[in-house]
Amino acid sequence: MFNKIVIIEPVYISESGLAELKKYCNALEVYDTAPQSEEQIIERIKDADCVLAALNTGISKNVLDNCPNIRFIQLCCSYYGPRYCKTDIEYAVSKGIKFASLTDYGDNGVIECAIASVINLQHGIGGKKWHRDAHDLTSLKVGVLGLGDVGKKVANAFRSFGAKVYYYSKTRKPQLESELTYLPLDELLSTVDVLTIHLNRDVCLIGGDKLEKFGNGKILINSSIGRCYELESLKKWLSGENNYYVCDKLSLNDDYNLLNYDNVIYVDHGCGVTVEALERASDQIVSYIKSNC
């Protein structure tokens, strides 16, 4: 049993999930705004032994040193390693603090949005049509940039429709190359018709002349969190002939001027943010709290 659980900012958990958390603590404190400073973070969690945080708020070494009661941190988001996390997990672990993060909860929505956006453009559904004639996906060459869990699932989904799928990853995956074809990044860009991006937070691989190599008459789908592109390069590419850019609320990165382009297709929520994803995330959070209290 935890003495006090503090949810430091708005996190991805349902009302029923919040009710479940009360079973595993003497007190539950929930904040509906993000803290604006380290001092405010410390004030909120100074007497907590369990903290729930999301993507935007980091729990630093200084915060941990000033909050000695913490014994468990629940990240209500995915964790891709210390480089991409605002919370100092390595220092927390060195102090004997346990942590957990979420996995796979929003993957279905990301996959569905990637497939749906291409099918809609192929057939002119929604008023935008990629080519004069309708096409199915069997003649399509799809490139997947970043072959983590989501990238692999997106690749398999396109393959199930008959598309030819290529990939680039900093870590090559030879065990998957009976089904997917590896290409160096520049060659991938010049080969594929559709590029779907699934990179870790703020990893920029689409900068400089990369979109020039990608060329025109293409579809670019951005499912990354953070800016994986150089803004001016993207704007220049959007001015090319018959190019389409698909992004959601998370991958837009507050670059709202992109929405002035007719060839930008915008999903006004995170593609992975669905009712079902919320339930999956909530179930994971409750399970981790229960097993660590």
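Mentor: Keep in mind that this is a predicted model.

Trainee: Which residues of H5 are buried?

Mentor: First, the general idea. An α-helix has 3.6 residues a turn, so residues three or four places apart point the same way. In H5, the buried residues include Val 110, Ala 114, Ser 117 and Leu 121. Asp 107, Ile 111, Ile 115, Val 118 and Gln 122 are also among the buried residues.

Trainee: How far apart are the end C-alpha atoms of H5, and what span should its 17 residues give?

Mentor: At 1.5 Å a residue, H5 should span 24 Å, and its end C-alpha atoms are 25 Å apart, so the two agree.

Trainee: Let's turn to strands. Which strands pair with S1, and in what sense?

Mentor: Strand S1 (residues 2–7) runs parallel to strand S2 (residues 25–30), joined by 5 bridges. S1 also pairs with strand S3 (residues 50–53), again in the parallel sense, over 3 bridges. Val 6 lets you see both pairings: its bridge partner in S2 is Glu 29, and in S3 it is Val 51. Follow the chain and you will find that S1, helix H1 (residues 15–21) and S2 form a right-handed β-α-β unit.

Trainee: Why is S1 described as largely enclosed by the rest of the structure?

Mentor: Because 5 of its 6 residues are buried.

Trainee: How many disulfides does a search of the whole structure find?

Mentor: The search finds 0. The idea is to look at the gap between sulfur atoms, which must be within 2.5 Å. For Cys 25, the closest cysteine sulfur is in Cys 50, 8.0 Å away, which is too far for a bond. Cys 247 is in no disulfide either, as its nearest cysteine sulfur, in Cys 271, is 8.8 Å away. Both cysteines are buried, Cys 25 with a relative accessible area of 8% and Cys 247 with 2%.

Trainee: And a loop residue: is Ser 224 buried or exposed?

Mentor: Ser 224 lies in the loop between S10 and helix H9 (231–238), and it counts as buried because its relative accessibility is 2%. Beyond its neighbours within four places in sequence, Ser 224 is in contact with Ile 197, His 198, Leu 199, Leu 250 and Ser 251. A polar atom of the Ser 224 side chain lies 2.9 Å from the backbone nitrogen of Leu 199.

Definitions and conventions. Residues numbered from 1 in each chain as written. Predicted model: local features only at pLDDT ≥ 70, side-chain atom pairs only at ≥ 80, totals over all residues. Heavy atoms only, no water. Helix = DSSP H or I, 4+ residues; strand = E, 2+ residues; numbered from the N terminus. Expected span 1.5 Å × (residues − 1). Buried < 20%, exposed > 50% of the residue type's maximum accessible area, 1.4 Å probe, protein only. Pairing = 2+ DSSP bridges. Right-handed = clockwise from strand over helix to strand, strands pointing away. Polar contact = N/O pair within 3.5 Å; in protein donor to acceptor, adjacent residues only side chain to side chain. Contact = heavy atoms within 4.5 Å.
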